[in-house]
Amino acid sequence: MDFPAARPNNGDPSRSSQIDVKTAEKSAIMRAMKERELLLKAAKFDVARLTFDAPDGGEIIRDVVEHPGAAVILPVLDDGRVVLIRNLRRTVGKTLWELPAGTLEEGEPPEECAARELEEETGYRAKTLKPLTEFFASPGILNERMYGYLATELERTAEALDETEEIEVFPLPSWQVRDMLKDGHIEDGKTIALLLYWMHIYTPE
């Protein structure tokens with residue numbers, strides 16, 4: 001499923017979210033990469049050293065985590081409850097409140113990844129998956145692009161967790177999720193981003 005293009009005026013001719021950028025200001029960004037050195041090949045990502053031409057004739061070197069992208073899913077039950085998970089994250093030594101999410105497999109469309117990860121992690125299957133937004137997770141060091149979906153018309157099936165995953169599922173009322181955001185109980189960036197987008201920007205058609 002393709003994500004809708006940005007609306008030039010957000011539906012209001014007197015407003016525009018598009019900002020004109022002069023060609024000169026974009027020139028440094030548009031310079032072609034001249035060299036890529038693979039530093040590490042892991043199961044889900046690579047680490048590469050990229051070299052670019054600098055405006056002063058020198059070089060710009062960046063060590064980058066190259067990631068295939070991921071889908072993050074906001075599941076909403078018919079009664080309005082939001083399905084969150086408690087996910088043990090060994091990388092930060094904490095169990096985090098999150099929305100279900102997962103890495104795209106090779107050649108996998110984001111929508112298929114979203115449907116698969118939702119059912120695997122929560123035991124819910126969505127009849128409807130609607131694209132909400134997409135964003136870069138941490139563009140200073142990582143090229144991962146995240147595709148956010150709203151999942152509705154859910155039916156209960158069964159979880160299919162990987163043997164290394166430790167996940168608990170919690171359907172919670174939206175007011176409680178909002179309070180958890182406000183009080184800092186939700187610390188996962190992709191979860192914060194998609195929940196706030198849904199609560200404050202998304203308008204059902």
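Me: Which strand does the hairpin of four residues join to β1?
Reply: The hairpin joins β1 to β2 through four residues. Strands here are DSSP runs of E with at least two residues, and helices are runs of H or I with at least four residues, both numbered from the N terminus.

Me: What kind of model is this, and how are its residues numbered?
Reply: This is a predicted model, in which local features need pLDDT of at least 70 and side-chain atom pairs count only at pLDDT 80 or more, while totals for chains, interfaces and linings use all residues. Residues are numbered from 1 along each chain as its sequence is written, and side-chain values use heavy atoms, with hydrogens and water left out.

Me: How many bridges are there between β1 and β2?
Reply: β1 and β2 (residues 46-53) pair over seven bridges in the antiparallel sense; two strands pair if DSSP finds at least two bridges between them. In β2, Asp46 is the bridge partner of Lys41, and Val47 is the bridge partner of Leu40.

Me: What order do the strands of that open sheet with β1 take?
Reply: The order is β1-β2-β3, with antiparallel pairing among the three strands. β1 (33-41) and β3 (59-66) are the edge strands, each pairing on one side only. On average, neighbouring strands are turned by 20° against each other, direction ignored. Such angles run from 0 to 180 degrees between N-to-C directions, and the axes are lines fitted to C-alpha atoms, for helices over the stretch in contact.

Me: How many residues lie between β2 and β3 in their hairpin?
Reply: Five residues lie between β2 and β3, and Gly57 in the turn has a positive phi of about 95°. The two strands pair in the antiparallel sense over eight bridges. In β3, Ile60 is the bridge partner of Phe52, and Val64 is the bridge partner of Ala48.

Me: Is Val64 buried or exposed?
Reply: Val64, in strand β3, counts as buried because its relative accessibility is 13%. Buried means under 20% relative accessible area, exposed means over 50%, and partly exposed is in between (1.4 Å probe, protein chains only).

Me: What does Val64 contact, leaving aside its neighbours within four places in sequence?
Reply: Val64 is in contact with Asp46, Val47, Ala48, Leu50, Ile141 and Asn143, where contact means heavy atoms within 4.5 Å. Val64 and Arg49 are 15 residues apart in sequence, and their C-alpha atoms are 6.2 Å apart in space.

Me: Which residues of α3 meet α4?
Reply: Ser174, Val177, Arg178 and Leu181 in α3 meet residues of α4, including Trp198 and Met199.
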